[in-house]
Amino acid sequence: MIELTHIHRYFQVGEQTVHALDNISLQIKKGEYVSVMGPSGSGKSTLLNVIALLDKPSSGRYLLNNRDVTQCSDDELAKIRRENLGFVFQFFHLIPRLTAAENIEMPMILAGLPVNERKRRVTQALASVSLQDRANHRPNQLSGGQLQRVAIARAMIMQPEVLLADEPTGNLDSKSGAEIIELLENLNQQGVTLIIITHDQSLGDRAPRKIRIVDGQLK
Amino acid sequence: MFFKDILAQAINAIKSQRLRAILIILAMSIGVASVNVLTALGESARRYIVHEFEALGTHLVIVLPGRTETTGGSPPLFGETPRDLTLEDAQAFLHSRHIAAIAPLTIGSAPVSFQGLERETNIFGSTYALRRVRHLTMAQGNFLPEEETTKARSVCVIGQTIRTQLFANKSALGQWLRINDRRFRVIGVLAAEGQSIGVDFDEMVIIPVEQAQALFDTRSLFRILVETLSKESMTKAVEDIKNIIKARHEGEDDITIITQDSVVNTFDKILTALTLAVASIASISLAVAGVLVMNVMLVSVTQRTAEIGLLKALGATKGQLHGLFLTEAALLSIAGALTGLLIGQIIITVLQVTYPSFPLQLPWWTLLSSLAVSLVTGLVFGLLPASKAARLNPVWALTKR
């Protein structure tokens, strides 16, 4: 479902051109569990951003569900992200003034879902990450593990096919990190394509398919 | 995304920045309040003055000697003419069916004295009809007697200021007042005119017109005040006056005719322009408030960069981000406008209570336009920050915390 062909991505940094992605060709099938590893500056975040449609490749072709997304406009990409992709970030990225429930609700608000449907799904989502009793807490009243669980609930609320996680345990202690990984792997077992970026070797090794990227090239 | 949700999100964002919101609302409300109060003052001054002029007599025609080709300027005070406007001319006006009364007017300045107290003042030479034409009221005694003007006696009517200055505690009635080298018996005292515009009757001494002509050694009249039968007969009366003067002045209507209407209209226009000018000056403060809204919204976009990046990742389109930030700016502006209306109304009420004689009122169009202007200001100045938010690169935005 994800099909990258000869993807290049250049960045202009001052006078220098940085070749962040160098001829990447990659296919990821529906339901796969992939880890992307590499030293910092290797281009793994850029790869994730390209897959996530947050960044456009300088050249190459990207087919998502057989649709050439390199030709899409910004607003079309926004809709594809909304419907097909879920994000989990290292720094959680919850909106501080909104409660856990409201944060989870946000993608559905952007998608224009009716209020009843939103309420129903939020209750379900909170239950699935065992945070029913934290629905009305704001991010500053929650622990790191809880924050990441809220973020996962938010990522999954639109029932996307792909879940992209950028260092999801990078900011957590090992116990809550393990809980988060378990939660993500559970989702993968339910059929969600899971792509995790990490530089934690033991975490990367859990994935059946391991991708290693160095200097913008797949190894 | 529903409008209701956009509204809820915008309100939520405003609530999370209370102090900032209060400051914007304050700035906006000061702008709106000052526009409203100043417009109310200007508009009320206009109505007050127009009303005052109309109180002088709604169907008054003023005839001046000499013809000046006026092209919309203010009426000439002293016409320059080879032919004088005389008492006989004035008398001839009475032949017109459309004229109810005439009051010829001679004006001059002369020393007025009583028992060693002396001052210079304006002397009005006129007839019995002046009282009716200018709606004068008497405090004591009588106005000039109604009689054939040629047999005028040496009597005078004085204003309140003259009375207090020259006669102090004594009764003025029946006393002999010396004007230049002539003596006039005081037969009446005018009621204090207070807030009459134009001529200050409180400083006035009125004597029969023939006496005044003799006093100032002139046959020419300063002007003739004509009261027509009705407002409708005004144009006909003007025609009649021109014809009568033509007949008497060898075929030339060498006079200038000012109707009460045109004076009122002129003042109306001037004061409307003044009101608009004052309102525009006040609206500068609205523009300043608009810049403040923009500034605060720009800071808000910068502070919420990560949030905007997140919303983009979650699938917010440019239109939605525009909507969110514009709604925020619009809400702040509306809140400011409403607060401003309230403050303005309070100030106006205070002024109304303090100066009950001044008819202070806020015209309804000001309410609507200040609301509209502040809303537009908010939106216009919200546009830049909103499009900045919408254009943010999500990858870059997400790295900000």
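How many bridges join strand β7 of chain A to strand β8 of chain A? Five bridges join β7 (residues 162-166) to β8 (residues 193-197) in chain A, and the two strands run parallel. One pairing within β8(A) is that of A:Ile196, the bridge partner of A:Ala165.

This is a predicted model, in which local features need pLDDT of at least 70, side-chain atom pairs count only at pLDDT 80 or more, and totals for chains, interfaces and linings use all residues. Residues are numbered from 1 along each chain as its sequence is written, chains are lettered from A and ligands numbered from 1 in the order in which they are written, and side-chain values use heavy atoms, with hydrogens and water left out.

Chain A has seven helices and ten strands. Helices (H or I, at least four residues) and strands (E, at least two) are DSSP runs, numbered from the N terminus. Two strands pair if DSSP finds at least two bridges between them. In chain A, six strands form an open sheet with mixed pairing, in the order β6-β7-β8-β3-β9-β10. Because β6 (85-88) and β10 (217-218) of chain A stand at the edges with a single partner strand each, one side of each is left without a neighbour in the sheet.

Some values for the whole chain follow.

| Property of chain A | Value |
|---|---|
| Box filled by C-alpha atoms, along the principal axes | roughly 50 × 40 × 35 Å |
| Accessible surface (Shrake-Rupley method, 1.4 Å probe) | about 9800 Å² |

Carbon and sulfur atoms account for 46% of the accessible surface of chain A. Buried residues (under 20% relative accessible area, 1.4 Å probe, protein chains only) make up 55% of the 219 residues in chain A.

Technical notes. Buried means under 20% relative accessible area, exposed over 50%, partly exposed in between (1.4 Å probe, protein chains only).
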